[in-house]
Structures are given as structure tokens and as C-alpha cells.
Amino acid sequence: MQSSTAVRAATWLRDTQPAGITTLARDLSLSRTSVENALAVLEGHDLVVGVPGRPHGAGRPARHFAFHAASGLVAGIDIGVHSLRVVVADLAGTTMVASTSEGVGPSLGPAEQLDVVIRQLRDTIAGLDPRQLRAIGISLPGIVDGAGNVVASVIFPTWVGFDLVGELGDRFGCPVVIDNGVRLATVAEHHMGSGRRFDDVLYLSVGARVAAGLILGGQPRRGAHNVAGDIGRVAFRGINERTGQIRWRCANTAKKVFELARGHDAQAMRELSEFIDELGRGIATVVMAIDPAVVVIGGGMSLADEELLDPLRESMQRHIGLPLGLPVIASRLGAEAAVHGALIFAFTQCAGQIYKVGPLPPPTITPMTERRLPQ
């Protein structure tokens with residue numbers, strides 16, 4: 001179905017610049033009357049405001065219209081054990097505030113965990129009008145179905161069956177949507193990160209665990225059972241089969257293993273080489289199944305940059321055995337990928353409630369430097 005005239009006019013003004021009726025009618029191939037009617041609808045929903053136009057010769061300049069981005073807010077939240085991130089944008093996708101604090105304790109009950117999330121969101125938007133909040137997107141570790149129910153989570157098992165969407169929606173009076181964190185990180189990399197020029201993206205989060213997300217034909221892949229990308233426990237040997245945790249022998253963390261390898265520690269160098277080769281073998285298996293246009297490596301281990309990527313490319317090529325010329329590149333968004341994915345997810349899934357006139361496509365997200373909340 002063709003977008004309504006109001007949606008088309010709102011999208012043009014949001015993503016372009018203030019314009020007059022003549023310009024809108026020309027660029028949207030509409031009559032002046034249709035544009036005037038659309039602008040009246042948008043003004044009624046506080047989505048556009050009149051602004052002075054540029055004078056052309058004698059007489060008063062024609063009235064122009066600008067998208068009223070400040071009339072509402074949309075939030076993205078990434079919930080984890082090690083960090084809790086919040087980003088809040090206006091209706092044009094410009095980030096107004098962002099924050100990071102310590103993560104949510106997995107030993108807390110679900111109501112207490114939810115209180116931690118609510119407190120940080122309220123602290124982050126302090127100084128803004130909370131009544132302007134029109135939608136919230138949530139990213140968390142776990143398998144989430146299409147209705148926003150947490151089906152399984154090794155990290156937060158008490159949230160299985162807990163009505164996180166309903167509870168948070170009641171507290172803030174707006175729609176709430178939720179999805180798996182790696183899937184949403186993939187969405188962000190496709191929308192505004194390293195995968196933005198590609199329709200088929202394989203995103204690998206490599207940190208304490210290995211997980212993947214897929215963009216196929218420009219759309220995130222969920223799968224028939226909501227588990228597309230949950231490959232860490234089955235595609236890579238040597239990983240804890242229950243939790244997906246990477247097992248290291250010569251140190252407790254990947255960061256320490258890399259440090260030891262840089263110092264020419266023979267055991268660390270051997271272990272790191274074995275891990276990267278196993279990672280390359282697992283990725284090669286997935287690559288041959290879906291044939292992506294690009295592989296994006298995110299997660300904490302991506303901070304090693306070419307120390308990881310160079311040998312990983314060599315391992316993948318050796319296991320694939322075909323001259324694919326497949327780009328393997330680092331995540332652009334790093335640790336911020338999932339929270340921005342949650343924000344994009346809210347804009348996508350709740351577009352009708354956010355903009356009132358219909359489903360505008362998600363805007364281009366403009367990040368800002370975050371501020372850390374006091375502990």
C-alpha cells in the first residue's frame with residue numbers, strides 16, 4: 001500500500017530540510033492542495049511547525065515548514081550484566097542524552113532488576129519531559145519471541161515468563177518492544193555502522209561468548225523458532241555447551257590472553273592461534289550456508305582489531321577454500337551497537353504510535369558523546 005501523503009511529507013521534511021508548499025509539491029509529485037491538506041494533518045499532530053522562508057524579491061517570503069523533532073522522544077536500552085546503557089533521541093533520530101552505568105545484577109529478582117532499569121532511564125531523561133516519551137526499545141541477552149516474551153536466557157533466567165514489556169510500558173505510558181541483543185546490534189550495524197552498504201550481513205559478537213546476527217535481503221532474520229544466530233554453543237568447539245562461554249586455559253579473559261601473546265608467551269600464542277582458527281572454521285560454516293556480502297566482527301574481542309582480524313581472515317579463507325573476496329571488518333559501533341539497535345527497533349516497530357500519522361521509516365540516528373551516571 002502506498003504511504004499516505006502525510007507520511008510522505010513528514011518523512012521528506014524530517015530527512016531533508018524545511019521547505020515551502022511549492023517545493024514539497026514538486027519533489028513529492030503532488031498537487032498543492034494535497035500538500036496543504038497533509039501539512040494541516042501534520043500540524044494537528046505537532047509534527048511540523050511554520051518557519052520563515054527565504055525572501056525572493058519584493059514582498060513577504062512564502063511560509064516554510066520544518067519537521068518538529070523536539071515534539072517527542074524515543075529511548076533505547078541495552079540491559080547486561082556488565083553495563084546498562086540508555087540512549088534517548090528526538091523524533092528525527094538525533095540523540096539528546098545517553099548514559100552508561102554498571103550492569104544489572106543477575107542474582108536480583110526480576111522486579112528488582114526492572115527497578116534498576118527504570119531508575120537509570122529516569123535519571124538519563126532528567127531535564128527532559130518524560131511525558132514526551134513515545135516508545136522504548138529493549139535489548140537483552142536471551143531468546144525473545146516475536147511478541148516480546150523472553151523464552152530463554154542463560155544470563156537472566158528469572159525474566160522468562162516475566163512481563164517486562166507490560167511492566168515497563170505501564171511505568172512510562174508508552175509502547176515497549178524487546179529483542180535479543182546481538183540481533184539488535186546487527187540491526188544497528190546495518191542501519192548506521194559497518195554493514196550499512198550491504199543487504200546481506202553476518203554479524204559476529206565475540207567477547208565472553210560467541211553469538212551471531214543476520215541481515216538477509218535487508219531484513220533482520222529471526223527464524224521460525226526465534227533462534228537465528230544463536231550459534232555459539234554449536235558452531236564452535238571448545239565453548240561451554242550450556243552457557244556458550246569461551247574457555248581460556250592460560251588466563252581468565254581474552255584481553256589477558258592477547259596481552260600474554262603480545263609478550264611472546266608461547267602458551268598464550270598457541271591458545272590464541274587455536275581459538276582464532278576454530279573461530280574461522282565456525283564462521284566459514286555459516287558463510288557457506290548463507291553467503292553474506294560482509295562479515296562484521298563486534299563484541300569485546302573486536303577491540304583487538306587487526307590482531308584478531310588478520311589471522312581470522314586467513315583462517316576463514318583456508319576453511320572456505322574458494323576465492324570469495326569476502327570482506328571481514330570490525331564493528332563501527334562497538335559496545336554501543338546493541339543500545340542503538342534497540343533505539344532503531346523502537347522506531348521501526350512503533351512508528352505508528354511515535355508519529356501518529358502512520359509508519360514513517362526509521363530516521364538516520366545521530367549519536368552523541370555519552371555521560372556516565374554516578375554510581
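**Close-up 1. The second largest pocket holds about 410 Å³ of space.** This is a predicted model, where local features need pLDDT of at least 70, side-chain atom pairs count only at pLDDT 80 or more, and totals for chains, interfaces and linings use all residues. Residues are numbered from 1 along each chain as its sequence is written, and side-chain values use heavy atoms, with hydrogens and water left out. A pocket here is an open set of points on a 1 Å grid over the protein atoms alone where a 1.4 Å probe fits, with protein on both sides within 12 Å along at least five of seven lines; lining residues have an atom within 4 Å of a point. The volume is the space filled by probe spheres set on the points, which are joined across faces, edges and corners. Of the 24 lining residues, V187, P220, F345, T348 and Q349 come closest to the centre. Helix α6 gives the largest share of the lining, five residues.

**Close-up 2. W248 and F275 make a tilted ring pair.** Rings of Phe, Tyr and Trp (its six-membered ring) pair if their centres lie within 6.5 Å; planes under 30 degrees apart are stacked, over 60 edge-to-face, and the rest tilted. Four pairs turn up by that rule. In this one the centres are 4.9 Å apart and the planes stand at 50°.

**Close-up 3. R122 meets the ring of F172.** The charged end of R122 sits over that ring, 5.4 Å from its centre. To count, NZ of Lys or CZ of Arg must be within 6 Å of the ring centre and within 35 degrees of the ring normal.

Technical notes. Helix = DSSP H or I, 4+ residues; strand = E, 2+ residues; numbered from the N terminus.
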